[in-house]
Amino acid sequence: MNLLLKFWSSSIGKKWLVALTGLALLGFVVAHLVGNLQMFAGASKINAYAEFLHQNEKPLWIARIGLIACFVLHIVATLTLVKMNRAARPQSYALNRHVQAKISTRTMAFSGLTVLSFVVFHLLHYTLRVTDPRFRTVEEKGELQNVFDVYHMVVLGFQNPLISAFYIFSVGLLALHLSHGVSSVFQTFGLESKRSAQWMPTAGKILSALIFAGYASIPTAVLMGVLK
Ligand code: HEM
């Protein structure tokens with residue numbers, strides 16, 4: 001207990017917590033993307049996948065609780081770290097930091113907060129399904145009777161250009177957030193060498209670009225009539 005408290009109250013302990021929870025959240029983002037891309041394999045594929053997840057209630061709830069814990073810890077540790085750094089930082093550095101920092105670094109707070117509000121909307125939209133009454137009446141018309149039609153719910157949702165635009169904007173900011181986060185993780189764990197310092201930012205950018213392209217492809221395909 002004492003060791004945990006010591007870890008939490010130190011700046012490096014908080015940095016590790018931000019990095020570890022960030023990695024776990026990144027794992028979810030990649031896994032969720034792979035699941036969502038089954039939209040392109042047809043309604044029965046994604047509907048069967050969603051049904052499989054819902055059938056496994058216990059592991060699903062364990063994953064959900066883990067996800068919520070990571071999300072809360074990631075935010076709380078970041079906020080307390082920022083507070084600690086501000087209290088310790090000399091004034092002159094604060095004045096210069098905007099000149100030196102890259103856009104992904106400077107927008108971490110904005111991108112993080114936008115992703116947070118996006119997740120709240122997204123849960124109301126597709127998980128709790130309270131934003132659109134039509135979602136309650138979608139039915140699987142293919143081979144899977146008595147299974148909730150996630151495919152047609154997503155298509156109906158993204159046929160609204162404003163909602164699609166909000167999703168694309170939010171996943172763009174998520175990608176920006178990840179781009180900086182991924183390259184910082186190695187630094188935090190003390191694994192950065194001269195060589196990796198050169199390729200890590202590029203690896204972070206490539207991974208984030210793939211995540212952005214994957215997520216944005218779904219609303220874009222619906223708006224273009226490819227998914228209907
Ligand atoms: C095109 C983009 C996306 C689509 C089409 C999509 C689709 C969905 C759907 C259909 C569900 C409900 C699943 C069900 O109850 O059967 C869901 C849940 C969820 N999504 Fe997404 N999603 C997208 C992007 C994201 C992003 C970028 C994040 C995170 C930053 C995210 C986080 C979540 C979370 C946390 C849940 C709740 C999971 C649960 O309750 O088990 N989603 N998503």
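1. How many residues does α9 have, and how far does α9 reach from its first C-alpha to its last? In this predicted model, α9 has 28 residues and spans 40 Å between those two atoms, which is close to the 40 Å expected at 1.5 Å a residue. After α9 comes Gly190, whose phi is positive, near 70°.

2. Turning to the ligand, 20 residues lie around it, and those that come nearest are Ala50, Tyr126, Thr127, Tyr215 and Ile218. By class, this shell is made up of 15 nonpolar residues, 4 polar residues and 1 charged residue.

3. As for the helices behind the shell, at least two residues each are supplied by α2 (11-36), α4 (57-88), α7 (108-127), α8 (150-158), α9 (161-188) and α10 (194-223). The most is given by α7, which contributes 6 residues to the shell around the ligand.

4. Two packed helices are described by the angle between their axes and the distance between the axes. For α3 (residues 43-55) and α8, the angle is about 110° and the axes are 7 Å apart; because angles of 65 to 115 degrees count as roughly perpendicular, α3 and α8 are therefore roughly perpendicular to each other.

5. In the contact of α3 with α8, Ala43, Ile46, Asn47 and Ala50 of α3 meet Val150, Tyr151 and His152 of α8. The residues of this contact divide into 5 nonpolar and 2 polar, with no charged residue among them.

Definitions and conventions: Residues are numbered from 1 along each chain as its sequence is written. This is a predicted model: local features need pLDDT of at least 70, side-chain atom pairs count only at pLDDT 80 or more; totals for chains, interfaces and linings use all residues. A residue is near a molecule or strand if its C-beta atom, placed from the backbone, lies within 6 Å of it. Helices (H or I, at least four residues) and strands (E, at least two) are DSSP runs, numbered from the N terminus. Ala, Val, Leu, Ile, Met, Phe, Trp, Tyr, Cys and Pro count as nonpolar, Asp, Glu, Lys and Arg as charged, and the others, Gly among them, as polar. The expected span of a helix is 1.5 Å times one less than its number of residues. Axes are lines fitted to C-alpha atoms, for helices over the stretch in contact, and angles run from 0 to 180 degrees between N-to-C directions. Angles under 35 degrees count as roughly parallel, over 145 as roughly antiparallel, 65 to 115 as roughly perpendicular and the rest as oblique. Two residues are in contact if their C-beta atoms, placed from the backbone, lie within 7 Å.
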